[in-house]
Amino acid sequence: FDFDVYAHYIGIKPLKKNKTDFYSIHDTAQFEIKAFKPDGKILALGNVPVKIVRKVYYSLFTNNKIQNFERTAYEEILEEKTISLKDKKTILSFKTDKAGIYTVYIGERTDPSTSYRFETKEGGSDEDSSGKQNSLTLTLNKKMYEMGENATILIKSKTDGICLLSFESDN
């Protein structure tokens, strides 16, 4: 006698307006979600858990001789709710407010859950015209400095991150 180990399957499909592999910051990420019976027929489900998380990186400064900092990450929960999959399709949408790696989990993590992971990058207009995603723009408050004078530097980045500024000299 044949049986399926799962009572249902849930599918998630991104609905992108363009064919790039990422969303820009402040885009609306949209996904079509459907539930299916093992035979492939669409199934109505109520109270399906949804969790949206973003990976957040941070650095720890350590006191060892090999490396002065350690970079690690955790998942920040952006939204937790339940949705009903009663229609032929359900649309889930949310704004991507920061650069990073987002994951949408559908279903309980203890059950066979469905997830979709995507990256969000800076986009749109910016005063930095370099066009490179991982570039920094440094702006000084003056063109020339006298020896011993304090300099003010404005650092602009297209992505979130940590800047480690180092001054080196031959002396």
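A residue is called buried when its relative accessible area is under 20%, exposed when over 50%, and partly exposed in between (1.4 Å probe, protein chains only). By that rule, 23% of the 171 residues of the chain are buried. The model is predicted: local features need pLDDT of at least 70, side-chain atom pairs count only at pLDDT 80 or more, and totals for chains, interfaces and linings use all residues. Residues are numbered from 1 along each chain as its sequence is written, and side-chain values use heavy atoms, with hydrogens and water left out.

The chain has zero helices and ten strands, where helices (H or I, at least four residues) and strands (E, at least two) are DSSP runs numbered from the N terminus.

A nonpolar core is a set of buried Ala, Val, Leu, Ile, Met, Phe, Trp, Tyr and Cys residues joined through side-chain atoms within 4.5 Å. The largest one here holds 20 residues, and Phe31, Ile33, Phe94, Val104, Ile106 and Phe118 have the most contacts inside it. Strands giving two or more residues to this core include S1 (9–14), S3 (28–36) and S7 (100–106). Contact means heavy atoms within 4.5 Å. Leaving aside neighbours within four places in sequence, Phe31 touches residues including Ile12, Leu92, Phe94, Val104 and Phe118.

Confidence is given as pLDDT, the predictor's score for each residue from 0 to 100. The chain's mean is 76, and 71% of its residues reach 70 or more. Over residues 124–130 the pLDDT is below 50, and this stretch has six contacts in the model beyond near neighbours in sequence.
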